[in-house]
Amino acid sequence: MSAALYDPGQGYYKRSDLKRWGKQGDYRTSPERSELFSATFARYFAKLYDELEQPPEWILVEAGGGDGRFAAGVLRSFRDRFPRVFDATRYYMVEVSESAREEAKERVVEFLDHIRFEEPPRIAHGIYFSNELLDAFPVHRLIQEEDELAELYVDVDENGNFISIPGPLSTPSLEDFCREYSLELEDNQIVEINLEIDAWLAGVAEKLESGYLITVDYGAESLDLYDIALRPEGTLRGFSRHGFIDDVLAQPGDYDITSSINWTQVQAVGARFGFATIEFAPQDRFLMSAGLLEELERELTRATTAADKLAVTTGAREMILPGGMAASFQVLVQKRG
């Protein structure tokens, strides 16, 4: 998974010849579906700025910023409606794809004096934000074989095709994880364990002295995530042209690979590093409480044509209607300092 996604030459996120986002790509994210997403979060960020007692300078980090749509929307909202927040903001967008960074630079060209495309320095006051980042961290796959817990490795069969084969656990950390989260598998059950989440949270904790860690992604709490009745073969899957890939080993580097995250893990590890959970909710409910309807009313007032109004309302439906995209995502807000 690490090679398929992040290999410098042929990894999915590193290749410049692929269209990853949008209607013509493999998937669409919330910022692409509606500007209401970034506008509502900008409104929420401005509220957190006030709660941090309006520091003269603060840092807003977006990890996995993609093509810059979210950054552009947030900075535009700050400039037009929250000038004090805009003046104080130093925006750092972290993105592993060079082609995506170049596209983002063009999209935020009017804000280049406020944004940097690099790892942030130490953050005295600020926000660390990510949207659909943790689900793309490489995972370990475990399988229960009668009385023995094994790990699934990648091998090659006699026809030259990649296949999964069981073997001994690659690191004692996997057993530690199972003990910590009371994970006991049934025969032939497969699960994914994302150890990189722990390392990533440790890195955030090293930089963020005081502020908020906001994580948007799809996943479940441990009891549900590892329920064999719901997910007997885990959650690992591939995406291509907005559809699922049956065999994630078939053409590595050609499509996205992802797995649902363990929210119990994110909160527990965060607490270990001093992050207190202050909000955890489905994305649609979070956006409603953060002011999405007010942003919708504002955008409809500004829309000048019927087509513009239709685009705004269509985006809003996907954000808040039951069964829409936002209903399958969650938002976790943690505070430190």
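**Close-up 1. Helices α3 and α11 make a left-handed crossing.** Left-handed here says that the near helix is turned anticlockwise from the far one by less than a right angle, while clockwise would be right-handed. This is a predicted model, so local features need pLDDT of at least 70, side-chain atom pairs count only at pLDDT 80 or more, and totals for chains, interfaces and linings use all residues. Residues are numbered from 1 along each chain as its sequence is written, and side-chain values use heavy atoms, with hydrogens and water left out. The axes of α3 (residues 35-51) and α11 (residues 283-290) come within 9 Å and cross at roughly 60 degrees. That makes α3 oblique to α11 (under 35 degrees is roughly parallel, over 145 roughly antiparallel, 65 to 115 roughly perpendicular, and the rest oblique). Axes are lines fitted to C-alpha atoms, for helices over the stretch in contact, with angles from 0 to 180 degrees between N-to-C directions. Helices are DSSP runs of H or I with at least four residues, strands are E runs of at least two, and both are numbered from the N terminus.

**Close-up 2. Here are the residues where α3 touches α11.** From α3 come F37, T40, F41, R43 and Y44, and from α11 come Q283, F286, L287 and A290; contact means heavy atoms within 4.5 Å. Sorted by type, they give six nonpolar, two polar and one charged. In that scheme Ala, Val, Leu, Ile, Met, Phe, Trp, Tyr, Cys and Pro are nonpolar, Asp, Glu, Lys and Arg are charged, and the others, Gly among them, are polar.

**Close-up 3. R107 forms a salt bridge with D67.** Their closest N and O atoms are 3.6 Å apart, and a salt bridge needs a side-chain nitrogen of Lys or Arg within 4 Å of a carboxyl oxygen of Asp or Glu. R107 sits in helix α6 (residues 98-107) and D67 in the loop between β1 (58-63) and α4 (69-81), 40 residues apart. D67 is buried at 7% relative accessibility, whereas R107 is partly exposed at 28% (buried is under 20%, exposed over 50%, partly exposed in between, with a 1.4 Å probe and protein chains only). R107 also meets E103 in a salt bridge (3.9 Å, N to O). D67, R69, E103 and R107 are linked in a network of salt bridges.

**Close-up 4. K207 and E119 pair up in another salt bridge.** The N to O distance is 3.1 Å. K207 belongs to helix α8 (residues 196-207), and E119 to the loop between β3 (115-116) and β4 (126-131), 88 residues away. The whole structure holds 17 salt bridges.
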